[in-house]
Amino acid sequence: MNVAELSTIVVWGATTAYALAFGAFAFDLARRAEVSTARRVRVAEPALVGAATGSVADPTGGASSTTRPAEDGAAVTDGGPGADTDEPRGDAEDAGNAEATDADDAPAEYRPGRALGIAMSVTTLGLVLELAGIVLRGIAAGRVPWANMYEFTVVGTFVAVLTFRLLTLRRDVRFLGAFVLGLSVVALGLGLTAFYIPAGAVEPALQSYWLVIHVTIAVIATGMFTVGVSASGLQLLKESRESGSPRLSHPRFGMLDQLPSVRALEGLAFRINAIGFVLWTFTVMAGAVWAEHAWSRFWGWDPKEVWSFIVWVVYAAYLHARTTRGWSPKAIAWFSIAGFAVLIFNFTGVNLLLHGKHSYSGLDTGS
Amino acid sequence: MARTSTPAPLPAPAPAAPGPALPRLGVRGALRWVWRQLTSMRVALMLLMLLAVVSVPGSMLPQRPQNPAAVARYLRDNPDLGTWLDRLGFFDVYSSVWFSAVYLLLFTSLVGCILPRIAVHARGWRARPPRAPRRFERFEVHDALVTDADPEAALEAARASLAAGRRFRVDTDTEPATARTPAARTVSAERGYLRETGNIVFHLALLGLLVAVATGQMLHYRGQALVVEGRGFANTPAAYDTFEAGTAVNPDSLVPFTLELDSFTARFDTAGKPTFFEAAVTLTEPGAAPQDHTIRVNRPLDAGGAHVYLAGNGYAPQVTVRDSAGQVAFSGAVPFLPQDASYRSRGVLKVPDVSTGDQIGLVGFLLPTAVITGDSAYSAYPQPGNPVLVLQVWRGNLGLDSGVPQNVYQLDTAGMTQVAGADGAPVTVVVPLGETVDLPDGLGSLSFDRLPRYVALDLRYDPSLGWVLGFAVTALIGLALSLFVPRRRVWVRVTEEGGRTLVRTAALARSEDVGLVGEVEQVLDAVRELGPADRVQGSPAAALDEPNGAASARLSGAVTPGGAAGRDGDTEDEDERR
């Protein structure tokens with residue numbers, strides 16, 4: 001087994017770890033849903049008890065509240081900084097009237113449990129593995145390991161998960177985990193199966209320090225936008241639920257009630273997207289400088305250039321929509337999602353369908 | 001344009017609305033209305049999205065500036081649709097009227113928006129922080145404490161902590177006692193003017209970028225030359241295979257340097273993927289001694305104020321053709337164009353100068369590492385391991401005297417017939433390097449003497465590059481400032497109540513701001529250093545101690561998203577909104 005093969009195996013390991021972490025994050029979201037369902041049920045719809053908790057391990061609302069104290073202990077040693085955010089407390093107050101009459105019921109409040117701890121540990125393990133895979137790939141290829149679609153996918157997911165992991169150090173955004181990890185697992189799976197090519201040297205056009213600068217920043221920007229769009233997606237879901245969407249009012253989506261407010265999610269998405277936008281601006285500019293060196297023009301409307309420009313314009317529109325009075329958080333979130341959709345097309349569609357100077361996937365797409 | 005794209009109805013005609021505030025809706029009124037619409041954020045947003053949409057077809061359809069051959073192919077394959085698309089400019093989208101209209105309107109809108117904001121910002125630059133509002137409790141971020149320290153000292157501590165490092169612009173003020181409130185001293189502080197400065201700089205730099213690029217279009221020139229090893233070219237428009245220049249370029253003004261290709265080195269990995277290209281050249285600039293240089297793909301050469309790029313490379317077989325009389329009818333290197341990664345290259349030899357008989361045309365392939373088995377011939381590797389020419393022979397009139405310029409890579413077979421063997425099948429001539437082969441029909445012979453390489457060089461002169469880069473970097477810095485510099489206001493009110501000193505503070509941010517809580521706490525910490533202090537009942541201590549979730553939830557609630565950059569120049573709008 002050579003270094004390149006070892007790298008691939010390690011990346012598979014990282015993908016597995018992310019998949020496990022995704023499962024644990026999803027389980028945690030389900031718990032959040034359960035908590036919120038339990039509360040709802042007590043407050044308003046006693047008839048729904050069976051149906052609501054049927055999807056959860058505990059068949060009765062009472063049982064679920066007896067298991068909670070044990071998990072509370074775990075949460076305390078965990079630090080559990082986000083446990084008592086304002087939002088859930090506000091909800092508890094809303095429900096307070098009903099609960100007061102129901103005095104012997106323990107307050108149904110979500111506390112981070114073991115699943116979340118496991119999810120975070122496995123995420124960290126996955127990051128370590130993925131970093132090892134990236135370094136090994138670089139050693140095997142004898143250059144920076146982000147010169148084709150497979151490598152870009154690996155480094156991009158690494159940055160997305162790392163961004164998420166670093167964010168959790170400062171703010172409790174662990175609810176984003178299922179989304180960021182889920183997207184990363186899908187991307188890595190595609191990368192390992194559809195985009196994979198063996199490690200090797202790159203053609204002369206790529207032999208430039210700009211490969212390090214331009215692509216590194218592009219990867220980081222992509223990672224940022226991934227986290228940003230996760231927040232925007234959650235914001236839209238939560239908003240739909242709050243406005244009584246028939247589909248999202250199902251108790252299964254109760255975890256949405258446990259998230260920060262729509263405003264807070266919107267603000268979070270904005271802060272991350274703003275960083276992504278500045279990095280993307282730099283990516284486009286660095287790409288122009290490189291194009292000037294390699295292709296004798298800084299801008300030539302190559303398909304990749306066109307779509308990078310479109311990504312930039314859509315995110316610029318997003319920022320402007322935000323500073324315009326009268327735009328709802330919902331409309332703004334759709335801009336964020338549109339920007340990300342264009343970004344993804346720029347990475348996949350432009351590389352594989354449109355033929356330009358950026359066709360560096362290394363895959364034979366049969367032009 | 002703005003009128004049709006805006007759902008807002010026109011104001012009622014002038015006679016029906018005699019109010020003095022409404023402009024008469026004559027030509028001037030209509031223009032003013034159009035201008036207001038154009039410079040509104042709503043239309044700017046629509047133009048931005050429109051710009052994204054009109055950019056798309058250029059990536060889907062072949063574009064003439066990039067690939068004229070693909071456009072011709074598309075027109076041949078889709079004659080009906082193609083003609084219409086061509087008329088509408090779809091094969092040169094980025095110079096089309098509609099694309100230009102969108103971005104020019106967008107930039108007009110930008111100018112109309114940015115100019116009033118510059119004026120407002122310039123006034124704001126000299127302005128003092130707004131006075132302390134009456135009730136701090138209305139703010140999401142506020143806190144208070146009581147201390148035994150002297151009110152004057154507490155005020156000074158708060159002021160100094162805000163003024164430290166010139167972070168805040170700070171004013172102090174005195175409020176007389178009223179029937180309901182005691183006399184108070186206040187501190188007003190504001191920071192983050194750089195946020196709006198950055199925003200304005202960013203937009204102006206974009207404008208500068210557009211102007212710089214447009215200027216470059218007028219002043220630039222570009223030439224492409226194909227140079228075989230051992231040959232050279234001079235920097236004059238005639239020496240280039242293709243040459244194009246901006247409207248403001250005088251073709252006689254080119255710096256007349258000469259460039260000679262000494263050798264070209266290409267390396268490939270075992271799989272045949274290129275790993276290294278380098279051209280060794282000799283540059284002779286006017287009045288200077290010849291100098292040796294190298295050009296690589298990412299390392300252009302500076303020559304005569306222009307950049308010379310290595311754009312491509314290939315083989316130019318050196319051949320000699322003798323006619324039926326044994327006279328040398330052609331001798332020279334003929335560039336063949338690589339068709340694939342193995343450098344299977346296609347080329348044409350035109351031999352018009354025969355001393356007797358028909359003119360000769362030879363069409364076919366060069367195989368650098370030829371593998372020939374039965375009917376099939378291919379190249380196994382891009383390096384010249386076993387170079388072989390595989391050519392088909394035509395005889396007749398090459399049509400070179402008709403006066404119509406011909407493509408050197410194509411044979412005009414209209415006046416020619418293909419030489420066929422006894423079985424009627426076309427004859428294929430196979431010539432390995434260093435050998436001479438007789439042509440069929442007694443047409444003469446062909447020698448494959450040497451196999452030099454050639455390079456395709458791109459020369460580009462664009463004096464605007466420095467400006468383009470400068471504006472781009474300025475835009476990036478402005479953008480970062482406008483997004484990351486926090487704009488904050490902090491107020492402090494110090495009163496004496498019941499023999500102790502009550503210090504209250506509140507803070508407001510222009511946009512989402514995680515650091516706002518810290519500002520308030522820093523002020524109170526400065527006061528706490530003066531002596532023992534107690535929390536005030538009802539101050540939001542819990543939320544402030546919370547490092548994440550809760551605090552940010554409060555903050556984003558505190559601020560409306562319509563913060564920075566009110567498009568109507570109303571940059572002080574947060575005061576109304578509170």
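Two strands count as paired here if DSSP finds at least two bridges between them. Keep that in mind for what follows, which comes from a predicted model.

**Two open sheets in chain B**

Let's start with the pair formed by strand E12 (residues 318-322) and strand E23 (residues 444-450) of chain B, which run antiparallel over five bridges. One of the residues involved is Arg322(B), whose bridge partner in E23(B) is Ser445(B). This pair sits within an open sheet of four strands in chain B, ordered E13-E12-E23-E22 with antiparallel pairing. Strand E13 (328-333) and strand E22 (436-439) of chain B are at the edges with a single partner strand each, so one side of each has no neighbour in the sheet. From one strand to the next, the twist averages 15 degrees.

Chain B has another open sheet of four strands, again with antiparallel pairing, in the order E5-E7-E8-E9. Ala279(B) has Ile295(B) as its bridge partner in E9(B).

**Strand E19 of chain B and its partners**

Strand E19 (residues 388-396) of chain B turns up in several antiparallel pairings, and the table puts them side by side.

| Partner of E19(B) | Bridges | A facing pair |
|---|---|---|
| E16(B), residues 359-367 | nine bridges | Leu367(B) and Val388(B) |
| E21(B), residues 428-432 | five bridges | Val390(B) and Val430(B) |
| E20(B), residues 416-418 | three bridges | Gly396(B) and Met416(B) |

Which residue in the loop between E22 and E23 of chain B is worth a look? That would be Asp441(B), which has a positive phi of about 60 degrees although it isn't a glycine. Those two strands also follow one another in the E13-E12-E23-E22 order.

Over in chain A, Trp301(A) is another non-glycine residue with positive phi, near 55 degrees. Trp301(A) lies in the loop between helix H10 (262-294) and helix H11 (303-323) of chain A. Trp301(A) has 20 other C-beta atoms within 10 Å and is therefore buried, since 20 or more is the cut-off for that label.

**A helix pair in chain A**

Packed helices can be summed up by the angle between their axes and the distance between the axes. For helix H8 (residues 177-193) and helix H9 (residues 209-242) of chain A, the axes come within 9 Å and cross at roughly 125 degrees. So H8(A) and H9(A) are oblique to each other, and their crossing is right-handed.

What does the contact consist of? On the H8(A) side there are Phe179(A), Val180(A) and Leu183(A), which meet Thr226(A), Val227(A), Ser230(A), Gly233(A) and Leu234(A) of H9(A). Sorted by type, the residues of this contact come to five nonpolar, three polar and no charged.

Definitions and conventions. Residues are numbered from 1 along each chain as its sequence is written. Chains are lettered from A and ligands numbered from 1 in the order in which they are written. This is a predicted model: local features need pLDDT of at least 70, side-chain atom pairs count only at pLDDT 80 or more; totals for chains, interfaces and linings use all residues. Axes are lines fitted to C-alpha atoms, for helices over the stretch in contact, and angles run from 0 to 180 degrees between N-to-C directions. A residue is buried if 20 or more other C-beta atoms lie within 10 Å of its own, exposed if 12 or fewer, and partly exposed in between; C-beta atoms are placed from the backbone. Angles under 35 degrees count as roughly parallel, over 145 as roughly antiparallel, 65 to 115 as roughly perpendicular and the rest as oblique. A crossing is left-handed if the near helix is turned anticlockwise from the far one by less than a right angle, and right-handed if clockwise. Two residues are in contact if their C-beta atoms, placed from the backbone, lie within 7 Å. Ala, Val, Leu, Ile, Met, Phe, Trp, Tyr, Cys and Pro count as nonpolar, Asp, Glu, Lys and Arg as charged, and the others, Gly among them, as polar.
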